[in-house]
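Please look over the chain shown here.

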Amino acid sequence: MGLSEVSGQRDTEALLPDTQAMELRKRNYYVERPLLNQEQLEELGCLTPATGSRPWRTWFRCSYTRARALLLQHLPVLAWLPRYPVRDWLLGDLLSGLSVAIMQLPQGLAYALLAGLPPVFGLYSSFYPVFIYFLFGTSRHISVGTFAVMSVMVGSVTESLAPDEDFQQAANATVNEEARDAVRVQLAATLSVLVGIFQVGLGLVRFGFVVTYLSEPLVRGYTTAASVQVFVSQLKYVFGLQLSSRSGPLSLIYTVLEVCQKLPQSVVGTVVTALVAGVVLVLVKLLNEKLQRHLPLPIPGELLTLIGATGISYGVGLKHRFGVDVVGDIPAGLVPPVAPKPQLFASLVGYAFTIAVVGFAIAISLGKIFALRHGYRVDSNQELVALGLSNLIGGIFQCFPVSCSMSRSLVQEGAGGNTQVAGAVSSLFILIIILKLGELFRDLPKAVLAAAIIVNLKGMLKQFTDICSLWKANRVDLLIWVVTFVATILLNLDLGLAVAVVFSLLLVVFRTQLPHYSVLGQVPDTDIYLDVAEYSEAREVPGVKIFRSSATMYFANAELYSDALKQRCGVDVDHLISRKKKLVKKQEQKLKRLKKLQKQTATSKGPSVSIEVDSSARDMESNNLEDPKAKGEGPAMSCRDGDAGACPERKAMDLPVVSTGNELGDTAASGQEGVKAPDVSTLKGLGLPQPYFHSLVLDLGALSFVDTVCLKNLKNIFRDFREIEVEVYIAACHTPVVAQLEAGHFFDASITKQHLFASVHDAVLFALQHPRSNPASPVLMTKL
């Protein structure tokens, strides 16, 4: 570079901002370092062995600091409430709590029907769990309480274990609703206790990561299918029909068919009530969206609709004049705690675990969204404990399992809520309704509650648009979404979730079994190696084959890795090894027969003999030798001059020349003793084709762990390729993987850490400079 160019570059850098000038100076750089294998890398980096930590020792230590930390960890309200900024946050939390309570009231009444219970138990479930979560929860914005998906899962349990048919009175074939509701309440409360036990137990053993097995496409497909289940379950209230209770696989299909069959029996007053309520709710929601910027709080459409419908029903007499089914008596006051029935645990344990996992997945998903948005952390294990205690204590007070609601959480955040003080305010408002105002809603039509549920499904039903977006973004995730949706629709909520999780995990295993295998080539004048099939400028290094897999190697794909490696190398390794073994075995048998012939000749003639064996390719394919003495053809023949031409008999029989006496001295003088064995250890000596590369580099940068099958497979690769005279090297192994290789006794006399290199470029340079030896490492210089 001339002086003018250097000065011009400096002038250019002076005119650029500092960051761009720095990037310009870094664009071309020169690296000089030693070529490093694993041993040299550990020595250069001063690798220190990891000390075995025993965290369990601290679990049993008792001190004031540890006790205080445990208390604040499991009772978070003591950590944030003393530092609560009253002037800044109290007003927003009060308004937010009031807004959430206004939504909680109609949703609690409606979702209790969805769970197959009297509406008042929805109010109980909107009070106790919310207040418990205020004490133990770590999310500041989610609204805990009744939720449509959880309610429909509870409803499927109560209707399957306590169907209407079991409570029909023989006299008039009517259902004894009082006895049925009592049994269903007991089932739901016991189920809530079991759900709480599962969630608290999983949280205490720090099993919060279990939710990671529920991917976002799986959760969205599941909630979409659950919304369809909710919609179908409310059709009997919209049309005023009496339907059979069904559960299990295909129950949704049978319910839809029964609704279609009984449509002529619909109650007109109920249908009109549901339609009017639905239209009003939709209009109010549209009005809220249009006036969102101008309204301090959204218009409480559900609450106004419930109040208006209750007044109209009471004034007009919808139940007596038009046969519209109403909520009925709502007892004022709280119910005393009731212990769960242990006899029901065996029949509810499967449902409880499924509901526990689904409820936690929904809550932690929303909690993490709000935490990222507002810059705080949500503890997944403590969230499990908080939800579990909410369900456990709530079940003792006749509540059914709850989670968090997306719509109420968004309202709580949008109305200015900053902490769970908003949740405590909403629970106190619900308590006032339970104690004093609940009985005012006894004339509320159930069709209005059904309409409110269906209208609130809008958000979940919009998830059908995921099909189009996933089709463009990731079709594997689309497959998970579709399988989850179809399985949940056909097999019901519990079996559908199990099938979805199993399918999702099997799909992950299947994708690791079929990763992208590639042969790498060097980008000219760099130390970068890319797939030669994807990058036209990448060139394979002559004599060196570089192989890489995009996934880790373990028991499920180790054999496929080996097969792909041998296929991409362009050499039939197994066939070549088989041919080599056959020829070596044949040559060894021939040499053995020659030694036997030598011994027989020496016995018959007396003096010692030496046999010179021609190791050419022609002799390797010669006929088997026969002992003429064994066939009775007279004594063995010999020629004293050692010349094959002077022994026509031996020449005709294609036997080796046997020399005795004086020839032995000449042979010894020339350095030949005994039998001179042919060189049959090389492919060339055997007349077999040699591979066009002398070294193989395995890029194991994607390897994240090592199991015994992986260790055996790597050793087999070393053995097979060395058998065909190809040296194998490993590159880019992470330190934990190297430690696992050492623990698995992978290294021995033939495979050492000198076969491991810091990078692919190190391994390639070493293979080029020392294809069959292992000298000191040269200096690696790379210009990028």
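The report below starts with the whole chain and then turns to single elements and residues.

## Model and confidence

This is a predicted model. The mean pLDDT of the chain is 81. A value of 70 or more is reached by 83% of the residues.

Two stretches call for caution. Residues 608-678 have a pLDDT below 50. Beyond near neighbours in sequence, that stretch still has 91 contacts in the model. Residues 773-784 also have a pLDDT below 50. Here the model shows 44 contacts beyond near neighbours in sequence.

## Overall fold

The chain has 784 residues, and 46% of them count as buried. Its secondary structure comes to 34 helices and 12 strands.

## Helices α12 and α25

Helix α12 covers residues 216-233, and helix α25 covers residues 475-513. Their axes come within 8 Å. The axes cross at roughly 45°, so α12 is oblique to α25. The crossing is right-handed.

Which classes of residue make up this contact? The contact of α12 with α25 has 14 nonpolar residues, 7 polar residues and 2 charged residues.

## Helices α9 and α19

Helix α9 spans residues 128-136, and helix α19 spans residues 380-396. The two axes come within 8 Å and cross at roughly 150°. The crossing of α9 and α19 is right-handed.

From α9, the contact involves Tyr128, Pro129, Ile132, Tyr133 and Phe136. They meet Gln382, Glu383, Ala386, Leu389, Ser390, Ile393 and Gly394 of α19. By class, the contact of α9 with α19 has 8 nonpolar, 3 polar and 1 charged residues.

## Cysteine 399

Cysteine 399 sits in the loop between α19 and β3, the strand at 403-405. Is cysteine 399 buried or exposed? Its relative accessible area is 1%, so cysteine 399 is buried.

What does cysteine 399 touch, leaving aside its neighbours within four places in sequence? Its contacts are Tyr124, Ser125, Tyr128, Pro129, Ala188, Ala189, Ser192 and Gly394. Tyr128 and Pro129 belong to α9, and Gly394 belongs to α19; these residues also take part in the contact of the two helices. Glycine 122 is 277 residues from cysteine 399 in sequence. Their C-alpha atoms are 7.4 Å apart in space.

Most residues other than glycine have a negative phi.

Aspartate 525 has a positive phi of about 65°, although it is not a glycine. Aspartate 525 lies in the loop between β4 (517-522) and β5 (529-531). Its relative accessible area is 70%, so aspartate 525 is exposed.

Histidine 745 is the other case. Its phi is near 55°, a positive value in a residue other than glycine. Histidine 745 is in the loop between α33 (735-743) and β11 (756-757). Is histidine 745 buried or exposed? With a relative accessible area of 62%, histidine 745 is exposed.

Technical notes
Residues numbered from 1 in each chain as written. Predicted model: local features only at pLDDT ≥ 70, side-chain atom pairs only at ≥ 80, totals over all residues. Heavy atoms only, no water. Axes fitted to C-alpha atoms, helices over the stretch in contact; angles between N-to-C directions. Helix = DSSP H or I, 4+ residues; strand = E, 2+ residues; numbered from the N terminus. Parallel < 35°, antiparallel > 145°, perpendicular 65-115°, else oblique. Left-handed = near helix turned anticlockwise from the far one by under 90°. Nonpolar A, V, L, I, M, F, W, Y, C, P; charged D, E, K, R; others polar. pLDDT = per-residue confidence, 0-100. Contact = heavy atoms within 4.5 Å. Buried < 20%, exposed > 50% of the residue type's maximum accessible area, 1.4 Å probe, protein only.
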